Amino acid sequence: MKKSKDKSSAELSPSERKTLRCVVGHMIPLSQEFGVPGADNPEIFADILQSIDRDRDAVGEALRVIDALAQGRLIDLPRPEQARCLLDFRNGYRTLASVIESAAARCYYRDERVMASINMEARPPFPKGYAVEQGDWSLLDPVRARGRIFRDAN
Amino acid sequence: MTSSLDVEKDTPAMKDPVDVLIIGAGASGAAVAWSLAETKMRIVCLEQGDWTKPSDFPSTGRDWEARTLEDYAISPNRRGLPSDYPVNDDASPIKIANYNGVGGGTVFYAAHFPRLHPSDFRVRSLDGVADDWPVDYHTLEPFYELNDRMMGVSSLAGDPAYPEKKAMMPPIPMGRTGEKFGRAMNQLGWHWWPSDAAILTQEYDGRAACINLGQCGSGCAQGAKGATDVTYWQEALRSRVELRTQCRVSRIETNEAGMATGVFYFDADNNEVFQPAEIVIMACNGIGTPRILLNSASERFPNGLANSSGLVGKNLMLHPYAQMRGHFDETMDGYRGAPICTWSMEFYETDPSRAFLRGYSYQFSRGIGPVRTAITGMDDGLVPWGDGHHAAFRRLFDHSAGMVSICEDLPEEINGVTLDPQRCDSNGIPAAKIDYRLSDNTRRMLDHSVARGIEILKAAGAHTITTKAPLPYAGWHLMGTARMGTDPRRSVVNEWGRSHDVKNLFIVDGSIFVTSGGVNPTSTIQALALYIADQIKSRIYELFD
């Protein structure tokens, strides 16, 4: 069977990449306090660029909106004005903002440095799995004591 | 001028006839294939997707969360894989979710495995709405039990919300989430119980027990989840049922007698093939089945096959969900363990004091991983962009839990599936188009479930509560579009799944549901498929009368 989705294979242009890097850097900045890189960290940003295939068109549209809000190019604005522009974008274009939020979060929160900082082992769930407490089954005693609650339909 | 080569190319290849042809290898197709295998008839199943390899599932990689939003996304439109067909759900507030491959939706489902309740089969008699089913709980009970054994179901006996059910193995862990909500429900005096789950808590039938990967919704790499590729299909293949993958059915052909003669399909190399069959069984879900029936329109059946009632594609029911989540000061289960741990049937049965008829169940669910914590946190306005991002994220991560309500969706003819006049799949077959809207009854039910859910969360000590109703990306349960009944004017198939119009055509998937109930439908879909297979076997000498 042939591919059913007509994915855009075009990569972001250099200008688009610069704008996107600026956006994700504002979204999730480097933090000395928590010892984590920002989403504009070279490794993380490269991961984002490689992972936006399904969102390529929406990301491109978002970047055009952002530059329009910047009345030029976002990256040419001073940082405080960039932040104000992105606040307008986030408030006024929720659907497009959520596309970039998702694209950034999908890659940022699998970076080993980030995972270490939130006390997660940098490993896949399988094959080691996880432990989950059984819980206290005696909590069901009041439910049993109340008795049947379904309707008879005979 | 047409060359001989063109003629060869344009003429579908003809396969050897088979006794039974099943379309779709998901929850119901697998069950009916397994059940009929003992007849020694020649059985072929055509599946548009392929086998999945457990080693390919997201939980085997570091990108496990991201892939659930990419190639393992629940929306076929988002996945866009070769096995997927587009579904135009622009005109629906609830977006369609499915999986196309061996195992179907069971590859992706959470394996939360409630049965319908006895009252669900008698909604007209009890509550004066919709229609009664032509079968009842008592009739399906042995098939529910058989299906539980085949799928491997863990549970705790004695749930006062159901007639007595046997427990095969201990329930899945309650965890901190189940315990916290259990205490809250006890405080409120409301029903709750460990979920029946098609998840093994001990080794069973050659399959390993659950190790709490937490990724039931994107394929179980451990094989502990009861997906039909690891349950029914293993048995059916050993019984010499033939399963052809990457074969997409375009239409069902009929003869002058109005009987199905077989199906046309496209194979993996895009060749069109005709497969003759004595019996055709559809198991393609509540969207796939009407799509094929409507695409099978002909001079003989101008409104689509099996559609003399005009009800093919109508009465689509999707189970509107409301989601309520809260955050706790202490660490919760997070992303570990089967996502759904307990249920409540407190508001399931009709109560005249409420502003709606019928009811809903709750599923109590554990937390989410870091990616989804960030995405939903930003979407809900709880996690800002900028310097405050990291601290806000850490307040939410591993500290959330909540619930969804599954509201009974009553059948309405204006909700349905038609053929999209513009969109087609990769084989040029018209796509499905969904027109769906919430009824006033459903909206009142959703509102009620949100209000009670907030009460539960507050009783559990949650803060920073968020709600979504309806939950947009939750159109998993596809029901009602080829309903069963005894009256050919008001139903598509009879009380044992045979088309009223085409005497050798059967439907065994969620399309035949008369009403939706307020619980996940998979166990009922499979019990019905087993029941219909049993009817086919017992009526084999008078099957087409």
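**Helix packing and sheets**

Reply: On helix H3 of chain A, the residues A:Ala58, A:Val59, A:Glu61, A:Ala62, A:Leu63, A:Val65 and A:Ile66 meet A:Leu96, A:Val99 and A:Ile100 of H5(A). Keep in mind that this is a predicted model.

Me: At what angle do the axes of H3(A) and H5(A) cross?

Reply: Roughly 120°, with the axes coming within 9 Å; H3 covers residues 56-69 and H5 covers residues 94-108. The two helices are therefore oblique to each other. The crossing of H3(A) and H5(A) is left-handed.

Me: Back to A:Ile66. Buried or exposed?

Reply: A:Ile66 has 0% relative accessibility, so it counts as buried; the cut-off for buried is under 20%.

Me: And which residues is A:Ile66 in contact with, leaving aside neighbours within four places in sequence?

Reply: A:Thr19, A:Val23, A:Leu74, A:Cys85, A:Leu86, A:Phe89 and A:Ile100. A:Ile100 also belongs to the H5(A) residues that H3(A) meets.

Me: How far apart are A:Ile66 and A:Leu77?

Reply: They are 12 Å apart in space, C-alpha to C-alpha, and 11 residues apart in sequence.

Me: Over to chain B. How many residues of H2(B) are buried?

Reply: 10 of the 11 residues in helix H2 (residues 27-37) are buried, so the helix is largely enclosed by the rest of the structure. Among them are B:Ala27, B:Gly29, B:Val32, B:Ser35 and B:Leu36.

Me: What covers the buried residues of H2(B)?

Reply: The cover includes strands S2 (18-23), S3 (43-46) and S9 (272-282), and helices H8 (232-238) and H13 (522-538), of chain B.

Me: Now sheets. What's the order of the 6 strands in the open sheet of chain B?

Reply: S5-S11-S12-S13-S10-S16, with antiparallel pairing. S5 (193-194) and S16 of chain B are the edge strands, each with a single partner, so one side of each has no neighbour in the sheet.

Me: How does S5(B) attach to S11(B)?

Reply: S5(B) pairs with strand S11 (residues 340-344) in the antiparallel sense over 2 bridges. B:Pro194 stands opposite B:Thr342 in S11(B).

Me: What about S10(B), which strands does it pair with?

Reply: S10(B) pairs with S13 (residues 400-407) of chain B, antiparallel, over 7 bridges, and B:Ala322 stands opposite B:Ser405 in S13(B).

Me: How many residues of S10(B) are buried?

Reply: 6 of the 7 residues of S10(B), residues 321-327, are buried, so the strand is largely enclosed by the rest of the structure.

Me: Which strands make up the open sheet of 3 strands in chain B?

Reply: The order is S4-S15-S14, with mixed pairing. S4 (87-91) and S14 (416-424) of chain B stand at the edges, each with a single partner strand, so one side of each lacks a neighbour in the sheet. The twist averages 35° from one strand to the next.

Me: Do S4(B) and S15(B) run parallel or antiparallel?

Reply: Parallel, with 3 bridges joining S4(B) to S15 (residues 430-435) of chain B. B:Val87 stands opposite B:Ala432 in S15(B).

Me: Which helix packs on that sheet?

Reply: Helix H9 (residues 285-295) of chain B, which touches S4, S14 and S15. The direction of H9(B) makes about 65° with that of S14(B).

How values were computed. Residues are numbered from 1 along each chain as its sequence is written. Chains are lettered from A and ligands numbered from 1 in the order in which they are written. This is a predicted model: local features need pLDDT of at least 70, side-chain atom pairs count only at pLDDT 80 or more; totals for chains, interfaces and linings use all residues. Side-chain values use heavy atoms; hydrogens and water are left out. Axes are lines fitted to C-alpha atoms, for helices over the stretch in contact, and angles run from 0 to 180 degrees between N-to-C directions. Helices (H or I, at least four residues) and strands (E, at least two) are DSSP runs, numbered from the N terminus. Angles under 35 degrees count as roughly parallel, over 145 as roughly antiparallel, 65 to 115 as roughly perpendicular and the rest as oblique. A crossing is left-handed if the near helix is turned anticlockwise from the far one by less than a right angle, and right-handed if clockwise. Contact means heavy atoms within 4.5 Å. Buried means under 20% relative accessible area, exposed over 50%, partly exposed in between (1.4 Å probe, protein chains only). Two strands pair if DSSP finds at least two bridges between them.
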